[in-house]
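Welcome! Have a look at the structure, then try each task before reading on.

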Amino acid sequence: MNYDLLLLIILMLAALMTVLSTRILIAAIGLALTSIMITIIMFRLNSPLAGVFELSICAGLITVIFISTISFVKPLTDQEIDDRTKLRMKKYLALPVLLILIGIILIALIKPISIEIPVTIQGLSVREILWNMRQIDLLGQVIILLVGVFGIVVLFRDIQKEAHKK
Amino acid sequence: MISLFILVPLASVILLNLFKGSLINKIACWFGMLLTLAQVYLIVFPCACFWNNLTNPLGNYFILNLSADALTKVMLLMIGIVTFISLMIGQYTYHEETQKFNFANLVILAFAGMNGIVLVTDIFSLYVFIEVVAVASFILICLYKDKAGFESAFKYIILSIAATVFILLSIALLFLISGDTSFAAISSAAKNPNFSFILVVAIGLFICGAFTKGGLVPFHSWLPDAHSSAPTSISILLSGIVIKVSGLYPLIRLLTITGGGNESIKNILLIVGTVSILVGAFAALGQSDIKRMLAFSSVSQMGYVVLSLGTGTTLGIVGAVFHMFNHSVFKSQLFANSAAVEKQTGTRDMNKLGGIAQKMPFTGTTSIIGMLSICGIPPLAGFWSKLIIVIALWQTAHYGYAFVAVIASVITLAYFLSLQRRVFFGKIAVGLENIKEAKAGLIIPVVLLAVVTILVGIFFPVVMNKLIMPVGDILK
């Protein structure tokens, strides 16, 4: 069996597990699994830089943050989980079927095209790409980080203050 | 020196936070207003020593590839005007000092992000700055921390992520055919006939993302909720500029660097534009909340912009940009009017209002000016941009679309007349007998914007020649 196809199927199943699960811990693990599959696919596509970023940030750091946050959340009771699972399954039963159908249609419709693709940047290190070629993106990311910090201040600090008052 | 448009707001936020205190909390909004006014000044009174100066304030260690053509300058002017008005309204509508300070910081950061979007010369950098504005918008929408705000922000996040997926897929395809993400590389790859299929798919995906960010039908569901549940100062920012800079500007930029796409792309733009105009206008007719009506009106007016882009001609692009500029002015003014009404009467429900023009003459008069302009009544600014759009459609033999554009103006007039009758005219509603005109902080911005609407209309030839027509050069 084609390895890529197998990886894509596992990727799809992991993604479905993420969006269909009623337990947020399982959803977080599903997301980590999705990221790991993407990482392997990126390595197979000869894109190790992107793979390393995906593995360290998405599968690693984000999963740790998610699981740490989930540990503060009150878990659902078994009855609540059963009720929500039934409701969700009923609601999204068609989703996997639809995905498989779309996949089959796309495979049938899209024929491989051969075009001469220009040579892209290859062989450059992360440091060279980030600091010599994408400096404006770094500036954008600095602004996003600042906005994120303000978001946390605006949305959570006052809530903490109110909790202290109570 | 144009990198200062991004660096100065960023440095300002850092400075404001370094010296945070009671005084800084009070002046944060004023400080932001000063920055935006400086930006407007630099566009209206261009100084060669600024625009032609290629000095990099960060030295040779941190090189930012930015450029500013005529389109960028119009966008920078719009960003400056709308952000100034948003900060001014925020200064008078937030009471808590900390809330005012946080609001000012987030708006200044969004301001830096919007400037970044219009200045970058690389499609991936464009995406990064779109995300800056999106993240700032999520937080600003739920600034009041009420249920409706959180729900709208969540809806916006979900649709925004979908838009991100489309835009990133498009960028990946463009990278595939050009080997780089700079506008210049994409432009030269677009001329290669071997890549025409991939290019059309990439533009199609980008259009889906841009339509979601711009709140066009069928991706508009987040817009009325977000605009109506956000504080008015944020609604002004969202409707006045964010949907244009995050959604329509990137689309215009991509279409111009790739030669406008093929006939199928143009047809998609024409159809989506027309459907947005009609859906937005008919939905606005049925609203009783002023801000919700204005939000649906934005969907309709953005439809005009997309319809104009669908012509693919220089005049079409000029008309689209001119209508975006006019919309940013009169829609900001109408939202500011709604803020004044809400502040003085305590409601935005049109069924509970009536006859308040006699008690609030400035608000009533300026809202009529805004209404007449958005409906395309001569000689106000909105008339000229709609006229250019209709002429562009007529010149390209799209007579049916031109007819719809004219008819939709009548529907626009119908729902705005309904708003005027229910809110400002007739007998004064029970309980509103003792209301007074809003304070200067809410009156000055609407008067300023009404003056801009009138002046742009009267001095149309000057505005057209100096500011708008040069935008057509980006196609050359």
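Is B:Tyr399 buried, partly exposed or exposed? This is a predicted model, where local features need pLDDT of at least 70 and side-chain atom pairs count only at pLDDT 80 or more, while totals for chains, interfaces and linings use all residues. Residues are numbered from 1 along each chain as its sequence is written, chains are lettered from A and ligands numbered from 1 in the order in which they are written, and side-chain values use heavy atoms, leaving out hydrogens and water.

**Solution.** Start with the cut-offs: buried means under 20% relative accessible area, exposed over 50%, and partly exposed in between (1.4 Å probe, protein chains only). B:Tyr399 has a relative accessibility of 43%, so this residue counts as partly exposed.

**Exercise 1.** Work out how the rings of B:Trp384 and B:Phe460 are arranged.

**Solution.** Step one is the rule: rings of Phe, Tyr and Trp (its six-membered ring) pair if their centres lie within 6.5 Å; planes under 30 degrees apart count as stacked, over 60 as edge-to-face and the rest as tilted. Across all chains, the structure holds 13 aromatic pairs. In this one, the ring centres of B:Trp384 and B:Phe460 are 4.3 Å apart and the planes are at 5°, so the pair is stacked. Helices here are DSSP runs (H or I, at least four residues), numbered from the N terminus. Finally, B:Phe460 is buried at 14%, whereas B:Trp384 is partly exposed at 23%. Both also belong to one aromatic cluster with B:Phe322 and B:Phe383.

**Exercise 2.** Find the salt-bridge partners of B:Arg348.

**Solution.** Recall that a salt bridge is a side-chain nitrogen of Lys or Arg within 4 Å of a carboxyl oxygen of Asp or Glu. One partner is B:Asp289, at 3.0 Å from N to O. Another is B:Glu342, at 3.5 Å. B:Arg348 has a relative accessible area of 16%, so this residue is buried, while B:Glu342 is partly exposed at 27%.

**Exercise 3.** Compare the two ends of the salt bridge between B:Glu263 and B:Lys266.

**Solution.** The side chains meet at 3.7 Å, N to O. Both residues lie in helix α12 (residues 263–285) of chain B, three residues apart, about one turn of the helix. B:Glu263 is exposed at 52%, but B:Lys266 is buried at 18%.

Technical notes
Helix = DSSP H or I, 4+ residues; strand = E, 2+ residues; numbered from the N terminus.
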